[in-house]
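Here are a few notes from my pass through the model, to read with the coordinates open.

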Amino acid sequence: MEDVPALDEPLKKALGPATAKVMAEALDLHTVGDLLHHYPRRYAERGELTALSELPLDEHVTVVAQVADARVLTFNGSKGRGQRLEVTITDGSGRVQLVFFGKGVHKPHKDLLPGTRAMFAGKVSLFNRRLQLAHPSYELLRGDADEAVDTWAGALIPIYPATTKLESWKIAKAVDAVLPGAGDAVDPLPPALREGRGLAELPDALRMIHRPRTKADIAAARERLKWDEAFVLQVALARRRHADTQLPAVARRPVPDGILDAFDAKLPFTLTDGQTKVSQEIFDDLATEHPMHRLLQGEVGSGKTMVALRAMLAVVDSGGQAAMLAPTEVLAQQHHRSVTEMMGELAEGGMLGGAERATKVVLLTGSMGAAARRQALLDLVTGEAGIVIGTHALIEDKVQFHDLGLVVVDEQHRFGVEQRDALRGKGKQPPHLLVMTATPIPRTVAMTVFGDLETSVLDQLPAGRSPIASHVVPAADKPHFLARAWERVREEVGNGHQAYVVCPRIGDEEDQKKSKASPEDEAEKRPPLAVLDVAEKLRTGPLAGLRIAVLHGRMHPDDKDDVMRRFAAGELDVLVATTVIEVGVNVPNATAMVIMDADRFGVSQLHQLRGRVGRGSAPGLCLLVSEMPEASPARQRLNAVATTLDGFELSRIDLEQRREGDVLGQAQSGVRSSLRVLAVIDDEEVIAAAREEATALVLADPALGAHPGLRTALDALLSEERETYLDKG
């Protein structure tokens, strides 16, 4: 094949230009390898009829069923165009109607006689409250030795992910045409690993997944192909980790009787066991001469900021500087406030009343006045400021550090890769990196998405945190529940507390245009509730007389800061806001939160928002308001949030409810998901084992010189851009 490896051969050459064009457009398949890795979604058995009772509405399906009856109806008193063929197919437990109109009636009328078995493909729709397939494509399954049986040799019929333009059986015929070439597939798994784990060879696995003789074939093929996906991805990550260990960094160790000791001595509470353990992991990393790359996961309110601050102080002790990057100005200001409060006179370096071991803590954001900004930049370049907290303004070229030793990134998923890298590039040598997230990430996802980072988890809440009660408020079914929700807010305010009301949208025209509705929203047609509208209704209605203010992302930074300051100082009763309050906002006196159109938010996001209440000694209350019907998936999601406070459990639910291939989110960098058989949530054992194997292999052979097949697979999976993307996060 003119030196083109079998799996790299273009489909145009293997199948002809017409079929290749449809495959490229409909399924993004371009080479023989792409097609061979387009695995069946499920398998139908000859003797088994598909459960027609479970067909999903509005989805394109392929079913194997038997014709129960067929009749032609004539209307408008004419033949030809005035005919409709109705065919009922059955699986013994359910029935579905097929309809064909006009000139499309003749062939199916001849083919689809009662008792005939066939595969049918089409979109499920609803007509007169009954499920139907209009003008489905079909392929007869005859019992005698004719072409159809040859095509579907074997007992198991593969059903492929298909589209309207390309039915499952057409994909199957295309696979048959290229499957003989699978024998030349280059195997990415080292022979020792494959044999040690009893895995099938790649050509066999490809044959068994496409043309299985038994269910055992399918299981063996899937097991093998899962390993390919897990192992190649883990090798990519292991190589990134290995490359990082080759970089030089300055070891940063706290000094005895330094600023860290002085800070610890004045803490009014003891650290939790988790905080102590995680701090030690970080200090051990900081003491090495290659850059730390650590992910710190912690539930909302688990004390991550305290751990990060102690790491920053350790770096200041060693003569370096630490920078904390926050995603929004509100959050940067909040962090600056809480850090200076926690440090007290230790944050007043060079100032009257500052402690002997003190340093300066500066804030740097885009909206600062010119004089304050000039002073902050000067404090950084001279080393006067040991700690700087800021937004992406920290990344600008003008910002120079005296000796940047540690970068702390808060809520890393909100940053572009380039932003994080630009800040890391400001050190004389690569600085240590600590990434924090309050979004709990299941272990397997952390190993897959953040596989280039070591992981620490804070799962204890500090003493003094109060429980949060959460309830779903079904506003459409039970309007009086919503009225009661506003009464509860009034009661909390009456008891001297404060409340948040969260809405999905701001409510000006520009925002309206940008609003993206989910399919469930489309069905509702109503735009999501908006901060400006809801605040107005509350002021004149159920919360009249209370001190209400709004907070959203398009306010002037000074106005945002002013509102946050007034709310924190207790000068406001109710804050009606967008999700700008989702991370880092800390007002211990706020005890109640009402989330409007809660079904418009993701599970993890609701959990994040809820973490803003119950931060003091009084118990928290979170009310999830939704108009979605009780049986809807949206309501089930909300019920899950209401019944557990365990963020890791909720993140599992969140991932299980998302579509396949969406799990890796941005880590897939817009590339079609490379995971086809590996399920990040379910295949924890495979991912963990693949990580171990990959780490050992890369340690022994970083350049993969002895593993050409693996190198080829790696090139296919990771273009240069994608590998650097994984590197950066």
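1. Helix pair, who touches whom. Keep in mind that this is a predicted model. On the α8 side, L202, A205, L206, M208 and I209 make the contacts, and they meet D217, A220, A221, R222, R224, L225 and D228 of α9.

2. Helix pair, geometry. α8 covers residues 202–210 and α9 covers 215–245; their axes come within 8 Å and cross at roughly 130 degrees. As for handedness, the crossing of α8 past α9 is left-handed.

3. The core. The largest nonpolar core has 35 residues, and the members that touch the most others are L286, M343, I387, L406 and L434. Helices α10 (259–265), α11 (273–286), α12 (304–317) and α13 (329–343) each give it two or more residues, as do strands β10 (321–325), β12 (385–390), β13 (404–410) and β14 (432–437). The largest share is from α12, with 10 residues.

4. A closer look at L286. Which residues is L286 in contact with, leaving aside neighbours within four places in sequence? They are V250, A251, R252, M292, A311, A314, V315, L406 and H432. L406 is also among the core members that touch the most others.

5. Cysteines. As for burial, C503 has a relative accessible area of 0% and C622 has 1%. Buried means under 20%, so C503 is buried, and so is C622.

Technical notes. Residues are numbered from 1 along each chain as its sequence is written. This is a predicted model: local features need pLDDT of at least 70, side-chain atom pairs count only at pLDDT 80 or more; totals for chains, interfaces and linings use all residues. Side-chain values use heavy atoms; hydrogens and water are left out. A nonpolar core is a set of buried Ala, Val, Leu, Ile, Met, Phe, Trp, Tyr and Cys residues joined through side-chain atoms within 4.5 Å. Buried means under 20% relative accessible area, exposed over 50%, partly exposed in between (1.4 Å probe, protein chains only). Helices (H or I, at least four residues) and strands (E, at least two) are DSSP runs, numbered from the N terminus. Contact means heavy atoms within 4.5 Å. Axes are lines fitted to C-alpha atoms, for helices over the stretch in contact, and angles run from 0 to 180 degrees between N-to-C directions. A crossing is left-handed if the near helix is turned anticlockwise from the far one by less than a right angle, and right-handed if clockwise.
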